[in-house]
Amino acid sequence: MAFTSLNFLIFALATVILYYIIPVNFRWVVLLAASYAFYLISSPKTFVFVLLTTVITYLGGLYIGNCNAGHKAYMDEHKAEMSREEKKAAKAASQSRKRKMVALILILNFGVLAVLKYFRYYLQAAGIFDAGELLIPLGISFYTFQSAAYIFDLYRNKIEPDRNIAKFALFTAFFPQIIQGPISRHDQLAHQLYEGHRFDYSNLTRGAQLILWGFFKKLVIADRVAILCSEVFDNYTEYTGGAVFVALLFYTIQIYADFSGGIDIARGVAQCMGIEMTHNFMRPYFSHNLSEFWNRWHISLSHWCRDYIFYPVAMSKFFGKLGKSLRNVFGDRIGKLFPVIVAQYCTFITIGLWHGAEFKYVAYGLYNGTVIVLGLLCEPLLKAAMEKLHIKAESKAWKLFQIIRTFFIVVCGRIFPKAASFGVAISMFFSMFRLNHGVPFSETVMSLGLTGADFLIILVCCIIWFAVSLIQEKDMRLNGGDGNKGFRQMLDEKPLPLRWAILLAAFALILSLGIYGPGYDAAAFIYRGF
């Protein structure tokens, strides 16, 4: 059941109505029933895998929570009579038990993910089974990573375990987020799902605004741009030069409009019921460097990798000692940066593998990690060059250059996940520097499946999107936070008739300019398969 389908809108509307009809204490039951119904309708053959992850994580979480509570109770009772060594031994014993359980849960949950998503074709090549017999469960990467975050936070004693398996099942499978995220944390989302919310007109209107905004980005921009992208990438041997670069540039627009549009629809449905899901985008194409880009793009995945991969690796004693030993060979600065460099590569290889098992995804992670590492290594040289050239770091011209530079780096990197394979990605990249056999550039672009009217629509809609983003960015600079409330707050301050006129105009725009009809695959969200 795709987010952009009429069936989904009816399903979401029915869920919201039932949510507010049922008594507050039982509204979480409506969400659980709706979430399981959504999954059974969308992917009935893989529903068992969601249940499996839920049960494994719930039982393991109870064990870890009981270890935390048991250790605390024991220490409260005996710490006065215990020596320092005995306290350390008691803590080490508790940590050891928890580590074994964490390892078991991760092996089971990520083992299922690995077999179904990553190793299926290798197992088929070995003759173990036919890969076509196993379907990839809907949203498996999202709910597996979310469950892992819950276990990690329990291990660190940051949260209390869920004692009600039905409520935990809702946290794992909440239907707006299960298709393409965001990857939520238990302490941010769970209590909102369980407590029930009373009807609030502003939640309903703001949720509807987000849904419309998501439909606008997905149907009017992303699906129109996808026509050109598919033409070039599916027939890559026929195109060279500017046509390849235009397709890559358009894909950079497509993936942002597609993914963020889906997230807006998900967050909008949740907000209609008073549930605030975490942001997943914060105008990433305004970033001044690639590190900032990844703090603004797919934020929930980036922060997951930061908290559970980057920090543990960068702060580990092993890599810290190894870095100290390298100072004598490469100098103090490289020795200090070594744990950070290793952590960066571990982080971005994980991000690459999260997208898929093929080497092109690993290359995508290595590309991003290498650019960031080179930025760290070359930072002193850049500062020296800026001083010599009298470039002020705070000048508007320099900041604009940084944004354009970062955007170009991002555009080039997009070729890896979009191309059919790593080899094709390299071939297409170098083909951008070859002339298209003397064919005029304008004629080539106009033969890629879009009309002049389509290009005009894309241009106007991107200008609208850019203007809204500028308002949000300005709000962030002036008022702090993420800036996402800037435009919506400005809209709320307008007279009610004008607000409704804007919303109706947006609705009419989507109906008249959206890409759908015969042959259109409404389920084709780029991140739906992850």
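Guide: Let's start at P182, which sits in the loop between α8 (175–178) and α9 (186–195). Keep in mind that this is a predicted model, where local features need pLDDT of at least 70 and side-chain atom pairs count only at pLDDT 80 or more, while totals for chains, interfaces and linings use all residues. Residues are numbered from 1 along each chain as its sequence is written, and side-chain values use heavy atoms, leaving out hydrogens and water.

Visitor: What makes the peptide bond from G181 to P182 worth a look?

Guide: That bond is cis, and its omega is near 10 degrees.

Visitor: And what does S300 touch, leaving aside neighbours within four places in sequence?

Guide: P182 again, plus I183 and N280; contact here means heavy atoms within 4.5 Å. S300 itself belongs to helix α13 (residues 299–314).

Visitor: Does S300 count as buried or exposed, and how do you know?

Guide: Buried means under 20% relative accessible area, exposed over 50%, and partly exposed in between, with a 1.4 Å probe and protein chains only. S300 comes out at 5%, so S300 counts as buried.

Visitor: Which label does H298 get on that scale, and why?

Guide: H298 has a relative accessible area of 0%, so H298 is buried. You'll find H298 in the loop between α12 (290–296) and α13.

Visitor: What about N157: which label, and why?

Guide: The relative accessible area of N157 is 46%, and therefore N157 is partly exposed. N157 also shows a positive phi, about 60 degrees, although it is not a glycine. N157 lies in the loop between α6 (140–155) and α7 (165–173).

Visitor: On to helices. Why are α15 and α16 called roughly antiparallel?

Guide: Helix α15 (residues 332–355) and α16 cross at roughly 155 degrees, and their axes come within 7 Å. Under 35 degrees counts as roughly parallel, over 145 as roughly antiparallel, 65 to 115 as roughly perpendicular and the rest as oblique. That value is on the antiparallel side, so α15 and α16 are roughly antiparallel to each other. Axes are lines fitted to C-alpha atoms, for helices over the stretch in contact, with angles from 0 to 180 degrees between N-to-C directions.

Visitor: Which hand does the crossing of α15 and α16 have?

Guide: Right-handed; that label applies if the near helix is turned clockwise from the far one by less than a right angle, and left-handed if anticlockwise.

Visitor: Which residues meet there?

Guide: On the α15 side they include L337, I341 and F348, and on the α16 side they include Y364, I372 and L376. By class, the contact divides into 16 nonpolar, seven polar and one charged. Nonpolar covers Ala, Val, Leu, Ile, Met, Phe, Trp, Tyr, Cys and Pro, charged covers Asp, Glu, Lys and Arg, and the others, Gly among them, are polar.

Visitor: How do α16 and α18 pack, and at what angle?

Guide: Helix α16 (residues 359–377) packs on helix α18 (residues 396–413) at about 155 degrees, with the axes 10 Å apart. They are therefore roughly antiparallel, and α16 passes α18 in a right-handed crossing. Y364, Y367 and V371 of α16 make the contact with I409, C412 and G413 of α18. Five of the contact residues are nonpolar, one is polar and none is charged.

Visitor: What hand does the crossing of α10 and α11 have?

Guide: Left-handed. By class, the contact of α10 with α11 has 26 nonpolar, eight polar and seven charged residues. Helix α10 (residues 201–234) and α11 pack at about 155 degrees, axes 6 Å apart, and are therefore roughly antiparallel.

Visitor: What makes a set of residues a nonpolar core?

Guide: Buried Ala, Val, Leu, Ile, Met, Phe, Trp, Tyr and Cys residues joined through side-chain atoms within 4.5 Å. The largest core has 127 residues, and F38 and W304 have the most contacts inside it. Helix α11 (residues 242–272) gives the largest share, 18 residues. A second, separate core has five residues, including V313 and V342.

Visitor: Which residues does F38 contact beyond four places in sequence?

Guide: M1, F3, F8, F11, L138, F175, I178 and I179.

Terms used
Helices (H or I, at least four residues) and strands (E, at least two) are DSSP runs, numbered from the N terminus.
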